[in-house]
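Hi everyone, thanks for coming. Let me put the model on the screen, and then we'll walk through it together.

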Amino acid sequence: MDANKNQALTMRAFAKLRAKHPHARLSFVGTGPLLSQLVDLRGKLGLEDCVVFLGVRNDVPSLLRDSDLLVLSSVLEGQPMVLLEAMASALPVITTDIAGIRDMVEDNVTGIVVSQEADDDMAQAMIRLADDPALLLRLGAEGRRKAEQSYSVEMTAEQYASAYRDLIEARW
């Protein structure tokens, strides 16, 4: 829970989703210096009954299986492993529009990409997926396809092997 992860954006957007979908629940995984501020925000937004802080967890695959979607509201990322794990699990993703993620998620194809500053954009994406189960399934399936094609162990190993071959050939 830190400023870079921007969980406050997710919570403010979720509050707008709850107005339309009162049974929705939101779970945050992890801990950090802004945890107490996020707990306070949860209270200010009246979300004590539906937003939980799970702390550090070692059962990410189980958490992903039990979720309907993953929201990543970061301000700065490289290639977030949780996003790859979600996509590989066919879990639809909503993510902010930042450089490291643009290569991973194609808007409205393998997930939904929103502005990193706009609660309304994030809320509309959440509502859109809550209202359209077919879209939820399609984005999950396309995300999984992308993860398998572009980020599989085999693909990554081949990319490393190719880079090493290029280095060896350049040296001789």
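Which residues of the largest nonpolar core touch the most other members? They are F14, V51 and I94, in a core of 27 residues. A quick word on the model: it is predicted, so local features need pLDDT of at least 70 and side-chain atom pairs count only at pLDDT 80 or more, while totals for chains, interfaces and linings use all residues. Residues are numbered from 1 along each chain as its sequence is written, and side-chain values use heavy atoms, with hydrogens and water left out.

By nonpolar core I mean buried Ala, Val, Leu, Ile, Met, Phe, Trp, Tyr and Cys residues joined through side-chain atoms within 4.5 Å, where buried is under 20% relative accessible area with a 1.4 Å probe, protein chains only. Two or more residues of this core come from each of α1, β1, α2 (35-44), β5 (112-114), α6 and α7; helices here are DSSP runs of H or I with at least four residues, and strands are runs of E with at least two, numbered from the N terminus.

Take F14: beyond its neighbours within four places in sequence, F14 is in contact (heavy atoms within 4.5 Å) with A24, R25, L26, L47, C50, V51 and M126. There is also a second, separate core of 15 residues, including L72, L84, A86 and V105.

L84 turns up again in the next feature, where L84, M87 and A88 of α4 meet α7 residues, among them G140, R144 and Y151. Thanks, folks!

Key:
Buried < 20%, exposed > 50% of the residue type's maximum accessible area, 1.4 Å probe, protein only.
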